[in-house]
Amino acid sequence: MDHQHSHASSFQWISFAYQGLTEIPYETILAQQDTLEVLDLSYNMLDDPYWNPALLGHLEKLSTLVLDCNNYTSHVKFPYMSSVTTLCINKNKINNLPVFVEEVKRKFPSIKILSMMNNEAAPSYFNGGSLTQYTDYRLYVISQIPGLEILDDTEVLEKERTQARKTYRLQQSGHSSRTSKEHSSLKHFHILKKSLNEHQVHVRWVLQRLLENKLFVKAEKCEFHTPFTTFLGLVISHNEIIMALDKVDLALRLVEVDASDSGVGTVLS
């Protein structure tokens, strides 16, 4: 098996790029587990769950992991690697942003650079995403990984951090207000966002948090990604709340207007 490696004084790296690998060559990699700092496994056919990078946790000095152009999904399972500061996983099959970002946040606590361009979960000009979708994506990732310095090919700006905190403040406050009760019940809640992409991301996050806390929703009572909904006789949309038509009809049937010249009406109930 061909691979490139360097013993330069600044860092040690190994590259298995463009090898057509269907499995991670752990034997060769782990032989340098005490010194390896940069590992490049890009442009192969690696996927999960069978060839997830779990054993890479033995690389205690690894700072950069490159997994570009493979077949990893949102459900890839990384080992805990506190030394890793850079993760490149561009052009894979990641389509669930909250699930993937949660995994990255938990397993790479020191991460400063994350690049995941050309994945479905990372809309941009690479895959036909709109500017609004791209902005929403960046704000979500930045809100969940506050220590991030570079996302994809762009530095994280302070104004983005501010906007990310503002946009996703409900998520952050949700962590601190979790109930300690053994049995909890959520009767009704609405999720309102400015854009469809932001709304979809938030819905996934809410459902994920419910599942993690062993709370469930009844599918037959749920409405997803709808421009309006009815609740307690009201129609709720993004810009107004009005009474439902059936309630209006009922109110009209209960009203009898006196046709006298005085113009005084009577309400019967």
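## Surface, helices and salt bridges

The chain has an accessible surface of about 16,500 Å², and 55% of that belongs to carbon and sulfur atoms. Accessible areas here come from the Shrake-Rupley method with a 1.4 Å probe, and for residues only the protein chains shown count as cover. Keep in mind that this is a predicted model: local features need pLDDT of at least 70, side-chain atom pairs count only at pLDDT 80 or more, and totals for chains, interfaces and linings use all residues. Residues are numbered from 1 along each chain as its sequence is written, and side-chain values use heavy atoms, with hydrogens and water left out.

On to the overall build. There are seven helices and 13 strands in the chain; these are DSSP runs numbered from the N terminus, with helices being H or I of at least four residues and strands being E of at least two. Of the 269 residues in the chain, 40% are buried. Buried means under 20% relative accessible area, exposed means over 50%, and partly exposed lies in between (1.4 Å probe, protein chains only). Take the contacts (heavy atoms within 4.5 Å) between residues at least 6 apart in sequence: 55% of them join residues at least 24 apart.

Now for the salt bridges. The structure holds six of them, each being a side-chain nitrogen of Lys or Arg within 4 Å of a carboxyl oxygen of Asp or Glu.

| Pair | N to O distance |
|---|---|
| Lys105 and Glu102 | 3.3 Å |
| Glu103 and Arg106 | 3.4 Å |
| Arg138 and Glu160 | 2.7 Å |

Let's start with helix H2. Lys105 and Glu102 sit three residues apart in H2 (residues 97-107), so about one helical turn separates them. Glu103 and Arg106 are also three residues apart in H2, again about one helical turn. The general rule is that an α-helix has 3.6 residues a turn, so residues three or four places apart point the same way.

How do these side chains sit relative to the surface? Glu102 is buried at 14% relative accessibility, while Lys105 is partly exposed, with a relative accessible area of 26%. In the other pair, Glu103 is buried at 4%, and Arg106 is partly exposed at 47%. Glu103 and Arg106 also belong to a network of salt bridges that takes in Lys107.

Arg138 counts as buried because its relative accessibility is 2%, and Glu160 counts as buried at 15%.

What else does Arg138 touch? Leaving out residues up to four places away in sequence, Arg138 touches Leu151, Thr154, Glu155, Val156 and Glu160.

Finally, helix H4, which covers residues 158-167, has Glu160, Arg161, Ala164 and Thr167 as buried residues. Seen down the H4 axis, these buried residues fall within an arc of 135°, so they line one face of the helix. That arc is taken over the directions from the helix axis to the C-beta atoms. Which exposed residues sit on the face turned away from the buried side of H4? That face carries Lys159 and Lys166.
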